Amino acid sequence: MFSIKFRSFKLFDLRTSGLYWRERGPTESTEFSFSRFLTPYLANYEGWAMFVDCDFLYTTDIKELTELIDDNSEIGSVPFIWNFLVGHNKVDENDPSTQPKAIHYTTGGPWFEMWKNCEFADLWLSEMEAYKKETKQV
């Protein structure tokens, strides 16, 4: 798996700086429903900036995605393997082009008891353990 080193902004920091003040509404699934739109601003509108929900796991270098988007110039033309929906999309073992590059646990992931055995749970759990070791949280 590939890790991305990035500058992390917490909502607390955004609120303290006056950049974000909206309260979470009853129809918003997370408090990031609107703060995600600050991503280009936080990158000073330069180069690539990408907001990724916490329920994604990348299995390859995300640079491949930026190159693919540059080549196609239309986000809708990006193959489903870059937003592989667990429980919806299927891997064809005989077709390597169906192997996910970005696994999206949209309905729940292995961090929830009822999803601990979902597709690709082993990959997510392995990454979590590696992260804990790297940050000495074991």
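Asn89 is buried in this predicted model, because its relative accessible area is 13%, and a residue counts as buried when that value is under 20%. Asn89 is found in the loop between S2 and S3.

Of the 138 residues, 27% count as buried. The chain exposes about 10,100 Å², and carbon and sulfur atoms supply 55% of that area. Among contacts between residues at least 6 apart in sequence, 33% join residues at least 24 apart.

I turn next to the sheet. In general, strands of a sheet pair through backbone hydrogen bonds, either parallel or antiparallel. In what order do the 3 strands form the open sheet? The order is S1-S3-S2, and the pairing is mixed. S1 and strand S2 (84-85) are the edge strands, each pairing on one side only. Between S1 and S3 the pairing is antiparallel, over 3 bridges. Within S3, His104 is the bridge partner of Phe56.

Val52 is located in the loop between helix H2 (39-42) and strand S1 (56-58). Val52 counts as partly exposed because its relative accessible area is 31%. The C-alpha atom of Val52 is 8.6 Å from that of Arg36, and these two residues are 16 residues apart along the chain.

My next topic is charge. Side chains of opposite charge can pair when their charged atoms come close. How many salt bridges does the structure hold? There are 3 salt bridges in the structure.

One of them joins the side chains of Lys63 and Glu67, at 3.6 Å from N to O. Both residues belong to helix H3 and are 4 residues apart, about one turn of the helix. Glu67 is partly exposed, at 39% relative accessibility.

Another salt bridge joins Lys101 and Glu64, at 2.7 Å from N to O. Lys101 lies in the loop between S2 and S3 and Glu64 in helix H3, so this pair ties together parts that are 37 residues apart in sequence. Lys101 is partly exposed at 24% relative accessibility, and Glu64 is partly exposed at 32%.

There is also a salt bridge between Lys116 and Glu113, whose closest N and O atoms are 2.8 Å apart. Here Lys116 is partly exposed, with a relative accessible area of 39%, while Glu113 is exposed, at 60%.

Let us return briefly to helix H3, which spans residues 63-72 and includes Thr66. Is Thr66 buried or exposed? Thr66 counts as buried, because its relative accessibility is 18%. A polar atom of the Thr66 side chain lies 2.7 Å from the backbone oxygen of Lys63.

I finish at the surface. Which residues form a nonpolar patch there? They are Trp111, Phe112 and Met114, which together have about 360 Å² of accessible area. Trp111 is placed in the loop between strand S3 (102-104) and helix H4 (121-134). At 32% relative accessibility, Trp111 counts as partly exposed.

Technical notes:
Residues are numbered from 1 along each chain as its sequence is written. This is a predicted model: local features need pLDDT of at least 70, side-chain atom pairs count only at pLDDT 80 or more; totals for chains, interfaces and linings use all residues. Side-chain values use heavy atoms; hydrogens and water are left out. Patches are made of residues with over 30% relative accessible area and no salt bridge: like charges are joined within 9 Å, nonpolar side chains (Val, Leu, Ile, Met, Phe, Trp, Tyr) within 5 Å. Accessible areas come from the Shrake-Rupley method with a 1.4 Å probe; for residues, only the protein chains shown count as cover. A salt bridge is a side-chain nitrogen of Lys or Arg within 4 Å of a carboxyl oxygen of Asp or Glu. Helices (H or I, at least four residues) and strands (E, at least two) are DSSP runs, numbered from the N terminus. Buried means under 20% relative accessible area, exposed over 50%, partly exposed in between (1.4 Å probe, protein chains only). A polar contact is a pair of N or O atoms within 3.5 Å; within protein, one must be able to donate a hydrogen and the other to accept it, and residues adjacent in sequence count only if both atoms are side-chain atoms. Two strands pair if DSSP finds at least two bridges between them. Contact means heavy atoms within 4.5 Å.
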